Amino acid sequence: MNPPNYNKYINYYIWFILFCPTFWGFMPESGKTIGQLFFSMSAILFVCFLLYKSKTSFKFPRIITLIFTIQCLIYILSITLNSISFHSNISLKDFSDIIRPILYLIAISVPVSLNFKESQLKNTIATLIATILTCLIMDIIKFFPLGTIILKLYTALPPDSFNYFRFSGTFSYCYNFGFVLIFPMFYCLYAYNHKPRNLIFFLILLILTGSRSILLAAVITLIIYHFSSEGKFHSKLIKAILFVLTIIILMWFLSLIEIPIIQRIFTNFERLIDALSGEGNDGSLSTRSNQLSNVISNFYKSPIWGNGPLKSTTAPIEMQIGYYLSAWGIIGVALLLTLYTCCFYWAFKLRNNPNKIVKAFSRTNLLWLIASLIVGMSTPITDQIRVFQIFYLIQGIQYALFRELRVNSKYGLHI
C-alpha cells in the first residue's frame with residue numbers, strides 16, 4: 001500500500017508564507033516587530049493546522065534539531081549574560097531572537113513531517129515557482145492608486161519612495177524578493193528548455209529589483225553554472241562572451257527607456273562603480289564599511305558567545321557572517337557554518353541523481369546556497385521574514401529526498 005500523498009498541504013504552506021500579510025503599511029515604524037511576530041505565529045499555527053488535517057505530527061531531523069537546539073541555548077546564554085553586564089545595550093526586544101531557531105526548525109521540518117517523497121517534487125517545485133512569479137502582481141498594481149492600499153498589507157515603505165517601486169513582490173524589500181527569484185531562475189535553466197529566453201526573463205526581473213548584491217550573486221553563480229556544465233571549454237568561453245555582449249546591449253536598451261525607476265537603478269550602479277574606483281561616494285558601501293568596524297569591535301568585547309542582537313542600537317549590522325559574529329560569537333558562526341555544511345552535503349550527494357527533477361533541484365539548491373553567502377555580505381538574508389520560511393522549506397525538501405534515496409537501494413546511492 002502506497003503512503004498517503006501530502007503534496008497539497010506543502011503547496012498550501014507555500015501559498016501561505018508568500019501571501020500572508022504582515023500589515024506593515026498600517027503600522028508605525030515601531031510596529032514592524034508586531035507584524036513579524038503576527039506573521040511568524042500565524043505560520044506556526046498554519047503548520048499545526050496542516051499536520052492536524054493530514055493526521056501527522058512533527059518529525060524533526062536529528063542533526064538539524066541538535067544544531068538549532070544548541071543555537072537556541074547559545075542565544076539564551078548570550079542575551080542573559082549580556083543583559084546583566086553594565087556595559088551591555090541588551091533590550092527586551094532582543095529576547096525575541098530566542099525563538100528564531102525554533103521558527104527555522106519548524107520550517108525545515110515541514111517536508112519531513114508531511115512525509116515528502118521524490119514523486120511529489122515536480123508538482124511542489126512547479127507550485128513554488130508559480131507562486132513566486134504570482135508575487136509579481138504586487139509589482140504591477142503598485143503603479144496604480146488602488147495598489148497603495150493593497151501594498152500596505154505587505155510593505156512598510158512609503159509610496160513616494162524609490163525603494164517602494166523596486167520589484168519586491170510581497171517581500172517588502174527588493175533584496176529579499178531578488179534572492180528568492182534566483183532559485184526559480186536556476187531551476188528553469190536546469191530543468192526546462194528555452195534556456196536563453198528563461199535567463200533573459202529572470203535577469204530583467206533581477207535588474208528591476210535594483211539590488212546590487214542580488215545581481216552580483218546572480219552573476220557569480222551564473223559563471224559557476226556555465227563553466228560547470230557539460231561541453232568544451234572554448235565553446236563555453238565563446239558562449240560566455242556572447243552572453244556578456246547580450247547583457248551589455250540589454251542594459252544599454254533599458255537605459256534608453258524613459259522610466260524613472262530604471263533610470264534610478266542605473267544611477268545606483270554608477271554610484272557603486274565610482275565608489276569602488278575611488279571617484280565617488282556610495283552610501284551602502286560606506287555603511288557596510290562602518291558595520292565591519294562595529295563587527296570587529298563587538299567581536300573583541302565577547303568573542304565566544306557574542307554580544308546579543310543589540311536591536312536597540314542605532315547602527316544595526318546587516319552582514320550575515322558579521323552579524324552572527326557580533327551577536328553570537330564564534331559558537332554562533334560555527335553553528336551557522338555547520339548548518340550550511342549539512343545543506344551543501346545533502347544537495348551535493350544528489351547532484352547527479354538519475355531522476356532529472358531531483359538532479360535539477362539539487363544543483364539549483366547548491367547554487368542558491370552559494371548565492372545566499374554572497375547576498376549575505378550585504379544583509380542577513382536567510383534570517384529575513386518570508387525568506388527564511390522558503391529557504392528552510394527547500395532545505396527540508398532536500399533533506400527528505402536525501403533520506404529517502406539513501407535508504408532506497410534501487411537508486412544505487414550508498415552513503
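Leaving aside neighbours within four places in sequence, with which residues is Lys32 in contact? Lys32 is in contact with Trp24, Ala156 and Tyr173, where contact means heavy atoms within 4.5 Å. The model is predicted, so local features need pLDDT of at least 70 and side-chain atom pairs count only at pLDDT 80 or more, while totals for chains, interfaces and linings use all residues. Residues are numbered from 1 along each chain as its sequence is written, and side-chain values use heavy atoms, with hydrogens and water left out.

**Lys32**

- Lys32 lies in helix 2 (residues 32-54); helices are DSSP runs of H or I with at least four residues, numbered from the N terminus.
- With a relative accessible area of 18%, Lys32 is buried (buried means under 20% relative accessible area, exposed over 50%, partly exposed in between, with a 1.4 Å probe and protein chains only).
- Between Lys32 and Thr155 the C-alpha to C-alpha distance is 9.7 Å, and the two are 123 residues apart in sequence.

**Helices 16 and 17**

- The axes of helix 16 (residues 356-375) and helix 17 (residues 387-406) come within 11 Å and cross at roughly 140°; axes are lines fitted to C-alpha atoms over the stretch in contact, and angles run from 0 to 180 degrees between N-to-C directions.
- Helix 16 is therefore oblique to helix 17 (under 35 degrees counts as roughly parallel, over 145 as roughly antiparallel, 65 to 115 as roughly perpendicular and the rest as oblique).
- Residues of helix 16 that meet helix 17 include Phe361, Trp368 and Leu369, and those they meet in helix 17 include Phe391, Ile394 and Leu401.
- By class, this contact of helix 16 with helix 17 has 10 nonpolar, five polar and no charged residues (Ala, Val, Leu, Ile, Met, Phe, Trp, Tyr, Cys and Pro count as nonpolar, Asp, Glu, Lys and Arg as charged, and the others, Gly among them, as polar).

**Aromatic pairs**

- The structure holds 31 aromatic pairs; rings of Phe, Tyr and Trp (its six-membered ring) pair if their centres lie within 6.5 Å, and planes under 30 degrees apart count as stacked, over 60 as edge-to-face and the rest as tilted.
- The rings of Tyr104 and Tyr392 are stacked, because their centres are 4.9 Å apart and their planes are at 25°.
- Tyr104 is in helix 4 (residues 100-113) and Tyr392 in helix 17, so this pair ties together parts 288 residues apart in sequence.
- Both Tyr104 and Tyr392 are buried.
- Ring pairs link a cluster whose members include Tyr104, Phe361, Trp368, Phe391 and Tyr392.

Key:
Helices (H or I, at least four residues) and strands (E, at least two) are DSSP runs, numbered from the N terminus.
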